[in-house]
Amino acid sequence: MESVPFMGVALDLSAPASSDEAALVAELKAGSEKAFAYLLGVYQNPVYNLVYHMIGDPSEAPDVLQNIFLKILRGIRQFNGNSSLKTWLYRIAVHEVLNHRRSWGRRLFHEPYSVDDESLHLRVQGVMWGKEKETPYRVYEQAERDAGVNRALASLAQPYRTVVVLREIEDLSYEEIAQVLGIAEGTVKSRLRRGRELLKRKLSVQMSG
Amino acid sequence: MIFESCAEIRSYFSDYVDGACDARTVRSIRYHLSDCKSCNKDLERYRAVQLDLRGMARQQVSPNLALRLRVQVSQELHRNVAQRLMIRLENIFHPVLLPSVAGFLVALVCFGLVLGMGTPRTNNIPDVPLDLVTPPTIMELAPMNFDMGGGPLVLVTYVNARGEVTSYKVLSGPHSPKFMESLDRMMYFSLFHPATTFGVPTSGRLVLSFRRITVRG
């Protein structure tokens with residue numbers, strides 16, 4: 001098998017093309033550490049973002065992310081290429097989050113959403129050190145808006161929230177969402193319609209309140 | 001497609017903002033929107049929600065979490081005991097490998113420089129042998145030019161404190177007058193280190209053995 005140059009580990013790499021993806025999967029199945037480092041570089045931020053918005057409690061997101069990549073590592077040999085690698089990864093991530101919520105659901109249900117996330121402090125520090133171009137006011141305004149949307153999102157029932165997050169935040173197509181969740185495209189559309197409607201109402205209430 | 005009510009058209013807004021409606025539905029929605037402020041407002045709210053969702057700051061994995069993930073993946077990939085042992089050994093030796101190799105090379109270069117700096121010094125101090133008694137030794141033998149008759153020649157030589165032969169006695173070998181004359185001459189011109197007693201030169205005896213050696217060439 002020809003060696004594939006998966007040397008980079010930088011974050012936010014773009015997903016590999018389908019031809020490269022087959023080579024990447026082959027390397028992953030062979031247990032190449034460099035291939036896994038590349039996979040982490042490409043997918044750790046998108047998957048973390050998905051988990052963060054789906055799980056409801058951001059403090060749980062790192063542990064869930066670790067479990068997800070552990071399952072990906074252990075299950076990569078079962079990946080048969082029927083879907084894209086991205087869809088397969090997201091399916092594992094969504095299932096892991098749902099399992100996690102099921103086991104911790106009762107506790108999470110009563111916990112309020114916290115806006116004191118680490119990223120906000122880092123961004124404000126970035127402003128103070130001159131790294132961020134925005135003003136501190138804009139950063140806090142954005143954080144407030146994000147917190148409001150997150151609160152509304154967290155209050156949605158899980159099926160609607162999952163579809164909305166996958167569509168609006170992760171920018172997956174209807175077909176990809178259907179593959180990730182194992183449901184029909186029609187169901188995706190109806191859940192998305194209902195989720196958006198609920199979200200619109202909740203945000204309107206927040207704005208008026 | 002003709003919509004009967006605003007409620008009906010609004011059920012298509014979700015697909016409409018995603019661009020998932022067919023051309024006929026899109027035309028009908030646009031026709032309706034051109035004349036319905038309420039639906040226009042509702043669609044604006046849809047779009048605002050979409051913008052709010054898409055405008056949210058994307059969460060990034062912290063460097064600490066990224067490192068934890070890398071370590072976890074590495075540990076999972078090297079669960080085999082032998083591999084883990086090799087990695088542990090590599091981790092132990094890798095940091096000292098470069099300094100130790102560099103140290104060895106520097107030592108080698110220094111050793112070579114020291115060796116190449118010249119001939120080793122010889123001890124010119126005429127030390128007195130500290131043995132209690134030392135026998136006389138040959139300093140230089142005069143050339144021999146006589147026929148021993150094929151057999152060995154063994155003789156006892158008496159050397160005085162100045163290293164001169166005072167007498168000698170042939171133990172085995174020829175005794176002819178001509179041979180003895182040649183032997184006298186050789187002994188007269190030979191030089192010896194005298195025997196010593198506590199470092200002081202003194203007279204002593206030395207047994208010499210000669211044998212004819214033929215070298216072919």
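The following dialogue explains how to read selected features of a predicted model.

Biologist: What is the mean pLDDT of chain B?

Modeller: The term pLDDT denotes the predictor's confidence in each residue, from 0 to 100. Chain B has a mean pLDDT of 84, with 89% of its residues at 70 or more. Chain A averages 80, and 76% of its residues score at least 70. In chain A, residues 1–12 stay under 50, and residues 108–115 are also below 50. For the complex, the predictor gives an ipTM of 0.74 and a pTM of 0.59.

Biologist: How many residues of chain A are in contact with chain B?

Modeller: In general, the size of an interface is often given as the accessible area lost when the parts come together. Here contacts are counted instead: two residues are in contact if their C-beta atoms, placed from the backbone, lie within 7 Å. By this criterion, 32 residues of chain A contact 28 residues of chain B. Several helices of chain A each supply at least two residues to this side, including helix 3 (61–75) and helix 9 (185–208). The largest share, nine residues, comes from helix 2 of chain A. Helices (H or I, at least four residues) and strands (E, at least two) are DSSP runs, numbered from the N terminus.

Biologist: Which classes of residue make up the side of chain A that touches chain B?

Modeller: Ala, Val, Leu, Ile, Met, Phe, Trp, Tyr, Cys and Pro count as nonpolar, Asp, Glu, Lys and Arg as charged, and the others, Gly among them, as polar. This side of chain A divides into 15 nonpolar, eight polar and nine charged residues.

Biologist: In what order do the three strands of the open sheet in chain B stand?

Modeller: Strands of a sheet pair through backbone hydrogen bonds, either parallel or antiparallel. Two strands are taken as paired if DSSP finds at least two bridges between them. In chain B, the open sheet has the order 4-3-8, with antiparallel pairing. Strand 4 (165–172) and strand 8 (204–210) of chain B each have a single partner strand, so one side of each is left without a neighbour in the sheet.

Biologist: How many bridges join strand 3 of chain B to strand 4 of chain B, and which residue stands opposite Tyr158(B) in strand 8 of chain B?

Modeller: Six bridges join strand 3 of chain B to strand 4 of chain B, and Thr157(B) stands opposite Tyr168(B) in strand 4 of chain B. Strand 3 (residues 153–159) of chain B pairs with strand 8 of chain B over seven bridges. Across that pairing, Tyr158(B) faces Arg205(B) and Val156(B) faces Val207(B). The hairpin of strand 3 and strand 4 of chain B has five residues between the strands, and Gly163(B) takes a positive phi near 85° there.

How values were computed
Residues numbered from 1 in each chain as written. Chains lettered and ligands numbered in written order. Predicted model: local features only at pLDDT ≥ 70, side-chain atom pairs only at ≥ 80, totals over all residues.
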